[in-house]
Amino acid sequence: MECSLGTRVNINVAAADLLMHTKFKIALCQLSVVPDKNRNLNIALNMIKVAAQKGAKLVVLPEMWNCPYSTDYFADFSEDFDVEDGSPSFSMLSEAAACYDLTIVGGSLTERQMGRLYNTCCVFGPERKLKAKHRKLHLFDINMKGDILFMESNTFTAGDNATFVETGVGNIGVGICHDMRFPELAMLYRGKGAHLICYPGAFNMSTGEMLWEPVQRASCLWLLAHHPETPLVPPIKYGVTPL
């Protein structure tokens, strides 16, 4: 990977003041995913390059950014993070973090380990190494008669640990999409001293417009009751991010 800035890609870049000692920019990379992993990787990498060019120090990608959000694709797009030549998405995020001196909350990927699949978010720092790995705790199952039937639990195994990581831009708590519906996780991160909570998400259109923003507002109220310095940063797919 050459450490040079590439083609411009439109992304949402927001200045964030976490009430810490410094201000820095957060880049939320929202992309339309296609059934071509290499193309998705190239688009995401270009967005990361542009984010660095614009001065971002933290980059956040969406849930399942390298794979269509469908049970038809999860297994085929899965990666074993422990096999260097078998995890191109994992490797790209690691190299990009080092190349562009970034902290990257890598949305989520389908992780394959010991015959099981996990919906996993990886966090990398400028030193290239994996800083933390969050496996989605609360799998999303929905059956709306005549509208949508999707059972994430038929494919994925749920994680069993909350993920709190110290980074160069502050302390970050990590959840994935449906994890946001459970306030105990956010409260746990608040108690640990999180400056930021990231929930990469890929909400569907059937429930996204109705629930995504109200759930964020409710989450902020849960936290404001205890700790007014913990904002939520969810890169979302169905609409506009309300950062």
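Four helices and 13 strands make up the secondary structure of the protein chain, taken as DSSP runs numbered from the N terminus (helices H or I, at least four residues; strands E, at least two). This is a predicted model, where local features need pLDDT of at least 70, side-chain atom pairs count only at pLDDT 80 or more, and totals for chains, interfaces and linings use all residues. Residues are numbered from 1 along each chain as its sequence is written, and side-chain values use heavy atoms, leaving out hydrogens and water.

Of the 243 residues, 52% are buried, meaning under 20% relative accessible area with a 1.4 Å probe, protein chains only.

Now for strand 6 (residues 116-124): eight of its nine residues are buried, so the rest of the structure largely encloses it. Its pairings (at least two DSSP bridges between two strands) look like this:

| Partner of strand 6 | Bridges | Sense |
|---|---|---|
| Strand 4 | two bridges | antiparallel |
| Strand 5 (residues 109-113) | five bridges | antiparallel |
| Strand 7 (residues 130-135) | five bridges | antiparallel |

T120 sits opposite L109 and also has R135 in strand 7 as a bridge partner, while V123 pairs with V105. Strands 5 and 6 form a hairpin with two residues between them, and M114 in that turn has a positive phi of about 50°.

Over in helix 1 (residues 37-53), the buried residues include L41, A44, L45 and I48. Among the elements covering the helix's buried residues are strand 2 (24-28) and helix 2 (88-99). Just after helix 1, G55 takes a positive phi of about 95°.

Key
Buried means under 20% relative accessible area, exposed over 50%, partly exposed in between (1.4 Å probe, protein chains only). Contact means heavy atoms within 4.5 Å.
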